[in-house]
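This report walks through the sheets, the cores and the ligand shell of one model. Please keep the structure open while reading.

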Amino acid sequence: MNKSIICTVCPMSCNVTLELDDNGEIISVSGNRCPRGKTYSIKEHTAPERTLTTTVRAVGGVHPLLPVRTDKPIPKGLLLQAMKETAKITVKAPVKMGDVIVENFLNTGANLVASRDL
Ligand code: SF4
């Protein structure tokens, strides 16, 4: 069985093919133009991660919402839970871009930070 993954590490967007056995274990990797694509596609298959970008409620500022993001990718499987958690958060202005809103968000090691000033 083959699995195709578009490498997003650089603008070349290589179409990487993983050859998998019946258990989903990787037999071979092809289509990547450089070693970073191999590393990326293996991680994407075994433990995919995404940077969360969303908004939280804000009071005392010009805008009712503050854009936030995680300062590094978190496991893709946690994104739904992460969205539920951010829905509970209200920040108070003033806030500076880069301010940590939640440290070690969901015990991922990533901080939830402000994406702009408020
Ligand atoms: S495999 Fe290498 S060249 Fe291709 S998109 Fe990924 S990083 Fe870029």
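Two strands pair if DSSP finds at least two bridges between them. Strands are DSSP runs of E with at least two residues, helices are runs of H or I with at least four, and both are numbered from the N terminus.

## Basis

The model is predicted: local features need pLDDT of at least 70, side-chain atom pairs count only at pLDDT 80 or more, and totals for chains, interfaces and linings use all residues. Residues are numbered from 1 along each chain as its sequence is written.

## The five-stranded sheet

Strand S5 (residues 53-59) pairs with S8 in the parallel sense, over three bridges. Val 59 sits opposite Lys 92 of S8. The sheet holding this pair is open and has five strands, in the order S8-S5-S6-S10-S9 with mixed pairing. Strand S8 (90-92) and strand S9 (100-102) are the edges; each has a single partner strand, so one side of each lacks a neighbour in the sheet. On average, neighbouring strands of this sheet are turned by 45 degrees against each other, direction ignored. Axes are lines fitted to C-alpha atoms, for helices over the stretch in contact, and angles run from 0 to 180 degrees between N-to-C directions.

S5 and S6 pair antiparallel over five bridges. Arg 57 has Leu 65 of S6 as its bridge partner. The two strands, S5 and S6, form a hairpin with five residues between them. Gly 60, in the turn, has a positive phi of about 85 degrees. S6 and S10 also run antiparallel, joined by three bridges.

## Strand S6 and Thr 70

In a regular strand the side chains alternate between the two faces of the sheet. The covered face of S6 carries Leu 66, Val 68 and Thr 70. Leu 65, Pro 67 and Arg 69 are on the uncovered face.

Is Thr 70 buried or exposed? Thr 70 counts as buried because it has 25 C-beta neighbours inside 10 Å. The cut-offs are 20 or more other C-beta atoms within 10 Å for buried and 12 or fewer for exposed, with partly exposed in between; C-beta atoms are placed from the backbone. Thr 70 lies in strand S6 (residues 65-70). Its bridge partner in S10 is Leu 112. Beyond four places in sequence, Thr 70 touches Thr 51, Leu 52, Phe 105, Ala 110 and Leu 112. Contact requires C-beta atoms, placed from the backbone, within 7 Å. Val 113 is 43 residues from Thr 70 in sequence, yet 6.0 Å away in space, C-alpha to C-alpha.

## Nonpolar cores

A nonpolar core is a set of buried Ala, Val, Leu, Ile, Met, Phe, Trp, Tyr and Cys residues joined through C-beta atoms within 7 Å. The largest has 14 residues. Val 56, Ala 58, Leu 66, Val 68, Val 91 and Val 95 touch the most other members. S5, S6 and strand S10 (112-114) each give two or more residues to this core. A second, separate core has six residues, including Cys 7, Cys 14, Leu 18 and Tyr 40.

## The three-stranded sheet

Another open sheet has the order S1-S2-S3, with antiparallel pairing. Strand S1 (2-6) and strand S3 (26-30) stand at its edges. Strand S2 (residues 15-20) pairs with S3 over four bridges, and Thr 17 has Ser 30 as its bridge partner in S3. Helix H1 (residues 35-46) lies across S1, S2 and S3, at about 140 degrees to S3.

## Ligand shell

Residues around the ligand include Cys 7, Cys 10, Cys 14, Cys 34 and Arg 36. A residue is near a molecule if its C-beta atom, placed from the backbone, lies within 6 Å of it.

Conventions: Contact = placed C-beta atoms within 7 Å.
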